[in-house]
Amino acid sequence: MDKTLRSTQHHATQNHTADHHTTPNSAAGRDRPELRKVLQEVVDSGITGMSLRVHDERGEWTGSAGVAELGGSAEPPADGHVRIGSNTKTFTATLVLQLVAEGKVALDAPADAYLPGFGLDRRITVRMLLQHTSGVFNFTGEFYEDGTTVPGIPSTISGKEWVDRRFHTYRPDDLVRLALSKPARFEPGTDWSYSNTNYVLARLLVEEVTGRSCAEETRERILAPLGLSGTLVPGASPEIPQPHAHAYYRYEDAGRTETVDVTRLNPSWISAGGDMISTTRDLHTFISALAGGRLLPAPLLAEMRAPHPKSGFGLGLRVQETGPGGDTLLFHNGGAGGHAALMYSTLDGRRTLTASLNYVDDAALSLTLPFLRAQERLVEEVFGGGRSGPADEPAEADAVAEPAVAAEVAGSNG
């Protein structure tokens, strides 16, 4: 039974930041004080706990800071399991592009050709699904530039309603049909907007073309060949393997602030938009293999990392120039109700940063700004160069960040 803690985020973070420090766990024993410093800054900003893994010219380094559980003293496990949120999209996009490589799917064909049962606008192509340019409504809720939202299913922007329904099972076709019952955000291909619906459609496309579940295809095409033993597609199972840090959600109920352990939840609410579980080690192996050309032929990898001019999104990846003297990065990040993961790689896959975070999520996306600042500081430290690109900049210190970024990394939409 979930433990409910009546506490504010302030009290929760005060409890775990006062007496804890970072612990390096490098197998080679090399200390990286600059990385430990950034880890502690992340925890001091309000994140409950974080584990970091860096692979670069100095070798492998891992470290943790904060706590794995509110009220506890143990730090997050160095390679614990975490719900990776929207990093799932990179796996799903890779599956679709592998089918393109095999001639089973055409990237610029109408998605309706593979998914005839939904009545999709024939102008929506497979590429538009993977790049978020379809205009299809986001079933977990739409964010608009003026700060308003249009709700979809109960999601982590929904407060107590999401908590009460976090063990409900959603069918992917029902999520799509709900989205298609809402007005499109824009005409296909005319703009860009982050939508989890695109990736549920991509999942269904994989299943329609292969005749097998997306989970089976992921295991056969990616997990088994790369030896990703800590990664799974959980379906509707609420369980997460040990070891893991705990995830929390805070909401208001009858004038009281309740903080609930939401580590166990049914991830079908986000489906292929963000349902997977992994570890920092497996995420390193995956993004390094993908960037290094082991999962896709070179022409399709080039398509994947060609950024949309408005957002920096390619096909299931984002592309970031870190500035003079820095690297060009391929990455995706994601949050899923108190768990989050970062996944970065240089273009050749030789230098990577992967991280898992546990925190207290809420409907107001209170930790969006600390999350973005943590992401920025880590990128600066590991990869050099300047600040993150415009799509990563918060609008102002006390406001929700740019809507797409909030959707991706704050746990609001996976």
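Which residue just after H11 takes a positive phi? Gly384 does, at about 75°. Some notes on the rest follow.

1. First, the ground rules. This is a predicted model, with local features needing pLDDT of at least 70 and side-chain atom pairs counting only at pLDDT 80 or more, while totals for chains, interfaces and linings use all residues. Residues are numbered from 1 along each chain as its sequence is written, and side-chain values use heavy atoms, with hydrogens and water left out.

2. H11 covers residues 368–383 (helices are DSSP runs of H or I, at least four residues, numbered from the N terminus). Its 16 residues should span 22 Å at 1.5 Å a residue, and the end C-alpha atoms are 22 Å apart, so the two agree; the expected span is 1.5 Å times one less than the number of residues. Of those 16 residues, 12 are buried (under 20% relative accessible area, with a 1.4 Å probe and protein chains only). Among them are Leu369, Phe371, Gln375, Glu376 and Phe383.

3. Since 11 of the 15 are buried, H7 is largely enclosed by the rest of the structure. The buried set includes Asn196, Asn198, Tyr199 and Glu207. After H7 comes Gly211, with a positive phi near 75°.

4. What do the buried residues of H7 pack against? Helices H3 (88–101), H4 (126–131), H6 (172–180) and H8 (214–226).

5. Take the H6 partner. H6 and H7 pack at about 135°, with axes 10 Å apart (axes are lines fitted to C-alpha atoms over the stretch in contact, and angles run from 0 to 180 degrees between N-to-C directions). That makes the pair oblique, the class left once angles under 35, over 145 and 65 to 115 degrees are taken out. On the H6 side the contact (heavy atoms within 4.5 Å) is made by Pro172, Asp173, Val176 and Ala179; on the H7 side, by Thr197, Val200, Leu201, Arg203 and Leu204.

6. Now the nonpolar cores (buried Ala, Val, Leu, Ile, Met, Phe, Trp, Tyr and Cys joined through side-chain atoms within 4.5 Å). The largest has 70 residues, and Leu130 is one of those touching the most other members, as are Phe91 and Phe286. Beyond its neighbours within four places in sequence, Leu130 is in contact with residues including Tyr199, Ala202 and Leu315.

Technical notes: Buried means under 20% relative accessible area, exposed over 50%, partly exposed in between (1.4 Å probe, protein chains only). Helices (H or I, at least four residues) and strands (E, at least two) are DSSP runs, numbered from the N terminus.
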